[in-house]
Amino acid sequence: MSEQSLRKVVVVNGPNLGRLGVREPEIYGHANLETLRAKCAQWGKGLGLDVEVRQSDDEAEVIHWMHQAVDEQTPVVLNPAAFTHYSYGLADAAAQVSDAGLPLVEVHISNPAARESFRRHSVISPVATGTIMGFGFDGYRLALEAIAVRVKNVG
Ligand code: DQA
């Protein structure tokens, strides 16, 4: 498949995920965001996807990236990080992605359901196409595979 025909996918990471590798490595692992970026690019290539990994601590920027995904018809992998648990603004923005018929896969590196009680509720899950949690960075690979199948690049 030529570079031009690769379907673009954005992988959006919320607050504190720029600290991967140094933040609670016993929970999130020792690998950093650059490693995640390289892995996603490589996994994407194998699936016929052109993957761009972004990270922001700014809720407005993450919301803007959802609007951009709708306008550019781009499927989304979203690790909303702490926004997962309280951002109705991001939930409303994520709903616009799935309402546009674009896959929106929610990913968590850890398994929030097995952690503190405030992490057990996601305001994003009801508007996501699906949610993958607890598989470390592999969750992003699984999300990209799910998107590739849905955009009919594989499977
Ligand atoms: C997280 C889980 C969230 O509860 C937490 O706030 C994060 C990361 C995860 O990937 O496991 O920052 O989304």
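Reader: Of the contacts in the chain with a separation of 6 or more, what percentage is accounted for by residues 24 or more positions apart?

Author: The model is predicted, so local features need pLDDT of at least 70 and side-chain atom pairs count only at pLDDT 80 or more, while totals for chains, interfaces and linings use all residues. Residues are numbered from 1 along each chain as its sequence is written, and side-chain values use heavy atoms, with hydrogens and water left out. A contact means heavy atoms within 4.5 Å. Among the contacts in the chain with a separation of 6 or more, the share of residues 24 or more positions apart is 77%.

Reader: What percentage of the residues of the chain count as buried?

Author: Buried means under 20% relative accessible area, exposed over 50%, and partly exposed in between (1.4 Å probe, protein chains only). Of the 155 residues of the chain, the buried share is 46%.

Reader: How many positive and negative side chains does the chain have, and how far apart do the centres of the two sets lie?

Author: Lys and Arg count as positive and Asp and Glu as negative, whereas His and the chain ends are not counted. The place of a charge is taken as NZ of Lys, CZ of Arg, CG of Asp or CD of Glu. The chain has 14 positive and 18 negative side chains, and the distance between the centres of the two sets is 6 Å.

Reader: Which elements do the buried residues of α4 pack against?

Author: Helix α4 comprises residues 88-99 and reaches 16 Å from its first C-alpha to its last, close to the 16 Å expected; the expected span is 1.5 Å times one less than the number of residues. Its buried residues are L90, A91, A93, A94, A95 and V97. They pack against α3 (59-72), β3 (76-79) and β4 (104-108).

Reader: Which residues does L90 contact, leaving aside its neighbours within four places in sequence?

Author: L90 is found in helix α4 and is buried, with a relative accessible area of 0%. Its C-alpha atom is separated by 8.4 Å from that of A60, 30 residues apart along the chain. With neighbours within four places in sequence left aside, the contacts of L90 are E59, V62, I63, M66, L78, P80, F83 and I124.

Reader: Which residues does L102 touch, not counting residues up to four places away in sequence?

Author: Helix α4 is followed by G101, whose phi is positive, near 85 degrees. L102 has its place in the loop between α4 and β4 and counts as buried at 4% relative accessibility. Not counting residues up to four places away in sequence, L102 touches R7, A69, V70, Q73, T74, P75, V97 and T129.

Reader: What is the phi of Q73, which is not a glycine?

Author: Q73 is placed in the loop between α3 and β3. With a relative accessible area of 43%, Q73 is partly exposed. Its phi is positive, at about 60 degrees.

Reader: What is the phi of N16, a residue other than glycine?

Author: N16 lies in the loop between β1 (7-13) and α1 (25-28). N16 is partly exposed, its relative accessible area being 38%. Its phi is positive, near 75 degrees.

Reader: How far apart in space are L47 and E145, C-alpha to C-alpha?

Author: L47 is found in helix α2 (residues 33-47) and counts as buried at 13% relative accessibility. L47 and E145 are 98 residues apart in sequence, and their separation in space, C-alpha to C-alpha, is 7.0 Å.

Technical notes
Helix = DSSP H or I, 4+ residues; strand = E, 2+ residues; numbered from the N terminus.
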